[in-house]
Every structure is written in C-alpha cells, then in structure tokens.
Amino acid sequence: MAVKVSVVVAVYNPGKYVEDCISGLLRQSLPDTEFEAIFVNDGSTDETPERLDRLAAEHPHIHVIHQEASGWSGKPRNTGIAAARGEFVMFVDHDDWLGDEALERMYDYGTANDADVVVGKMAGIGRPVPQELFRVNRPRATVENAPLIDSLTPHKMFRREFLDEHGIRFKEGRRRLEDHVFVAEAYLRAKSVAVLSDYLCYYHITRDDGSNAGFQRFDPAGYFRNLREALDVVEELTEPGPLREKLFSRWLRNEMVERLRGNRLLKLPEDYAEDLYREIRGVVTERFGPGVFACVAPTQRVVAGLIAADLYQDIRELARWEAGIKPTGSLSSLAWEGGVLNIGLSAEYQVEGAPMTFRRDGERSLLGLPLSGKALEALAGQGIDLDAPVDRSDVDLVVRHREDATQYYLPLDSEPHRLDAGDGSFRQQITARAVFDPQTAAVGKPLTKGIWDLHLRIKSCGWSKETRLGAVRGEAVEAGRLAALIGEPRRLVLPYWTDGPGNLSFDVDQHTGKLEREAVALMDPAAAVVDGSTVRLPLPLHLAADAGDPVQLRFERKNVGKIAADAVVDGCTVSAPLPLEQLTGRRWAVRIGVPSAARGQAHWTRLPVDVVVGADGTARVIDRHTPPAKPAAKKSAKPAPKKPAPPRPLWRRAAGRLKRALTNQQKKS
C-alpha cells in the first residue's frame, strides 16, 4: 500500500524526551503500512543512536538515518525530505509528540480539501502557541483570510509534490528562523491551506532542562540577519500594499516589539538588551514604514514608534510600568440549567494593585502611559496617537485540560463599561456571561475525562493577559456549584475550588475523589429523614436528564454485605424503601452509585449519613460521624455480705507476742 505520510524527526541528543515522541508515533491510528517515520540522527553523542536502531529493527515502518552533526536543524530536515516516500511530509521535533489520530485526521482533512499544506491544532505545554488561528476549522485558509502567519513552526503536513515543484527547502547551515523562511514560502505559494482545529494534533512542550531552541539566548546580529531572509520571501511573493504590510507586522509584533516590553525586556542583562534593541531598530528603520506600524495594536504601535525615534530609555520606562499590569477577574454567578452551566463574571486590568485608568480628552479616550514629553512629541511627529480603543476590549474564557493543555473557547457575550475614576479619567470593567456545556465544549463534542481548568483572558488596547477565575467570587456563587449528571451515557461534571488559590476547575467523569470531599460535603445530614419505611436523602447533584433513574443507592456494613435499594430520584432528592427485614438491628453506611461513562459502571460514593434500624424495625438517619452507642452493662445480683472472721484464741495471741519479743532481742544483739 502507498505511503500516505512521511514523518521526519530531526534528532540531536534528546535524551529521555524522545520517548514521548516515539510513543506518539507508535500510537497512531493510521496503519503502519500507510505511514513511515524517518529519524535523522544529526550526530548525537548520547544513547540515542542505539535507541533508534533498536526501534527501527522492531518496526519496519520506522527508519533511521545517521549523519555527522550539521550544527542546526535545516540539513537534517532536508535529508528527511529527500528520503520521504509519502504523499505528505510532516516535521516533528524530537521532544514533542503527536496526538493518537493526528496523522490520519490531518491526511484525510488535507486530501478532502485538496490542500498543499495542512495545519493541525497545537497545544503549548509551557510554550506559547497561536490562539486565534485554531478557533474554528478553516478548510480554505490563506494569508489574507486567516491568521496563518501567526504559526511559522514547521509542525505541519506539506504535500511532497508541492515542495518538489517549487523547490521549497530549509536553509542549510547553523541559523535561526529557517522555519520562518520555509513556512512563509509554503503559505505564499500554496493554492490551498487547510487548518484542522477540532482535534489536537501536536503537543509542543517545554523541556525541564530549558534546552528548547526557543528558550536559548541567541546572537542578535545573526538572528535578525536571518529574519531579514523571511522578509525577503514576503517581498518576493507579494506586491507592495496592505497584504505585505499585514504580513510584515507579524515579525514587527512578535519578534521585535514584544521582546522590548515588560519583564521580557527587564529580565535581560542590560548589555545584551541594548544589543538586541540595536539590531531590532536596524530592521525597523530599514524595512518597516507607517503602514506596517498601523497593523499592530495601539500599545505595540507606541513601542514601535519609540524604536523608530531611538528612545531606548523611554522604552525601558514603559516596560517597567507594563511589568506591573495584572489581569483580574471576579466570578459573579454560577447556575446549572438543563445540563449547561451559566457563568457570570467581570474582568479588569490593574497596575501595581490599582485599577488601570484611561484619560478623557473631549470625546477621545487616551492611554495613560508614562511617557516623557520628548517621547510624546516624537510619536506625534510619526502620526502615532494615544487613542485607546476601549470599546473594542473583550474577554475570552477557555477550559484547558490540566495534563495535555488541550483547550476550547466557551461561547460568551461581553460588554465593556466605563467607571469614573476622578480627575478626568476612567477605569474599564468588562462584564460577561459564558455558557459551559460539557457535552459540546470540545468543538461540538463532549469533554474527555480529566481535570479541566478555567482560564480568563483579557484583550484590550494591545494587552492580552491571562488569569484564573474563581478566587474572587460573589457570596451567591457557592450555591450554584453543584455537581451535574449529564449526557448519555451519563457522567458527572463537578465544579470545584482548587486547593490554595480557590480557582474554579471541573472534574469530568469522576477523575478524582472530589465528589465525596466537595459535593457530598455540602449535604446537610439533618435534611435526611425516614418516613415510615422510606428513606429520603438530599441529593447534592443537578440532573440534566429527566428520563430514567441514573442514581443508585445501597446500604453497606463491613463483614455483613451490601444491600441494594430501589432508588427513585425526584429533583434533588433520592428516595428508597428500606429493606427492613435485612437491615434490622444494625447501623448501615449509605452510598450512592453515580454513573461513569469511562468506567462503564457506577462509581460508589459514601454519603455523610448512616441508617440505623432498631430491633423493633424502627429506622432513623444519623450523621455518619456520630459515635456508635455503647452497649448497656449487664445487671447481676449483689454478692452476700462477708461474715466477720471469728476472734483468735487467747493462747494464740500470747504466743505471737512472745515470738516477736525474741525476734527483736536477737536483732539488738
């Protein structure tokens, strides 16, 4: 059978990190006969060559090419392209890994849309990845209608025939940003690019040893020399005008301006920071004009203008101010309705612990930036104003899987508000209402089992910062934090506060034991009653489905057994007739059985009540922490009083005195 996909992995001393990459390849749903993996060992000096040789010997679809160290990744990847036999070629870093169905889904999506390039959704584990690009599937994406230019890493599928036709290859030799040159050219030459966003295809991780290429300090002169090559590709393949300026703004924004903002600049050694600034300014003044500046956000435009005016100290002062900006959020409401959790919140930026403020100038809203008079004059001379588009401020709310960083955007409506701050200034607060539907949150599909954390992202005037939600919350929020039984097959979704900070997270399908520690702990034992031979217990759950009785009930006693009850759920109450003939004369723990789709059977959780049935069949419910009653002591007849001993005879008493006298005399002598 023809090879559909060739996966090229350039390898140099990956150590233990290559194991996740290997495991991801071996778990692929695409049959082994339909894809191949080509590891290009670029002169590794650790145990990797032997590990890869053993792997290739065990798996015929895995191949290894050994070569002398080239010094960078371009040559190994080109070697892989030359050896590839697949219809598509995909590049994978040796310390990252693929989703189990990534190759099959990306191949099918690419062929269905006749794509030259297929971009699969990425998750960043400790690393930034594009956000806007992966909001929706984009079967016919271009650099004009989609933010493709935000993703310039090579972790994509490229049609082999397309690469050969245009001679697209990585740059040879030790260099940075060869990925940008390669991917930018592919985007601009491709007749079709397909972006797959409803399946997580690629996991981009940060190594514990901090040795990822993106985290190592680079030589500014070499870095920006290579960046100019990416700009050259754009100039070659586009006409002067808005599209070229839009594409150029990607490098201005990500590779230049953002390196000179906030803590990212302040944490650098001063001499290195100045070298970096000089190289950035060289590119800005050589290649970018006002049209490129206009394509970035207002605060980024200010920094770009300061670069052009060569006001480095103003850039550092602005960075110190921006380092104090923190996003904040307050949770105002939680309420389940028909299996959907409605979430109310408000969000605001703060600077050094106080709300960020904006200035009023008539009808204009202005950024309140700490700029010198010289800086303001230089910006005005470039036509750069300080207008703050606060009415376009917005928030995103995402749920993110704690283990693999898969994330999804929640549907949300937001509204910015201006609150007077005195002295002609105002602060901005954004209120929003979001909908969390565990059955459709994963791009129309149910969330998988696990812990899902809630993250709030505030976007305003060029700042985009993220925080957790829930640590600050209104008094009424706790009442709505119920566990919910939803879906078919049914499973439990439990909102809970994280230990320590108290942020809002979701336990989907009982990944933890938090049902007993969180939801059940809210149950009031005093609300449980016995009415005749029927026990009624408050149920700490929201039921999204009316049909059927999804909750089971049973009574347990150690060394005796488990006795099932015929439970009936009515609203937030579960009732069951007591099998008194089996329970009489003992105290029983009560457990509810909650459905679990992952387990395929109920997961049993103890309630905070016990049922006690007396010898006469009378039943009552007590707090499970009530100590067991002590058994009554047995009554017995009082013993008869002892008779007094008879007095000793006189001769016996005299003999005793004589004996004691003789003994004392012997001691004295």
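**Notes on helix packing**

1. Let's begin with H10, where Tyr272, Ala273, Leu276, Tyr277, Ile280, Gly282, Val283, Val284 and Arg287 are buried. Please keep in mind that this is a predicted model.

2. What lies against that buried set? The buried residues of H10 pack against helices H7 (220-237), H8 (242-256), H9 (262-266) and H11 (290-293), and also against H12 and H13.

3. The axes of H12 (residues 298-308) and H13 (residues 312-322) come within 9 Å and cross at roughly 155°. Angles over 145 degrees count as roughly antiparallel, so H12 is roughly antiparallel to H13. On the H12 side the contact is made by Thr299, Val302, Val303, Leu306 and Ile307, and on the H13 side by Asp314, Ile315, Leu318 and Glu322. Sorted by class, this contact has six nonpolar, one polar and two charged residues.

4. Now for the other helix worth a look, H1 (residues 18-26), whose buried residues are Val18, Cys21, Ile22, Gly24 and Leu25. These cover an arc of only 160° around the axis, so they sit on the same side of H1. An α-helix has 3.6 residues a turn, so residues three or four places apart point the same way.

5. And what covers the buried residues of H1? The cover includes strands E1 (5-11), E2 (35-42), E4 (88-93) and E5 (97-98), together with helix H2 (48-58).

Definitions and conventions: Residues numbered from 1 in each chain as written. Predicted model: local features only at pLDDT ≥ 70, side-chain atom pairs only at ≥ 80, totals over all residues. Heavy atoms only, no water. Axes fitted to C-alpha atoms, helices over the stretch in contact; angles between N-to-C directions. Helix = DSSP H or I, 4+ residues; strand = E, 2+ residues; numbered from the N terminus. Parallel < 35°, antiparallel > 145°, perpendicular 65-115°, else oblique. Contact = heavy atoms within 4.5 Å. Nonpolar A, V, L, I, M, F, W, Y, C, P; charged D, E, K, R; others polar. Buried < 20%, exposed > 50% of the residue type's maximum accessible area, 1.4 Å probe, protein only. Arc of directions from axis to C-beta.
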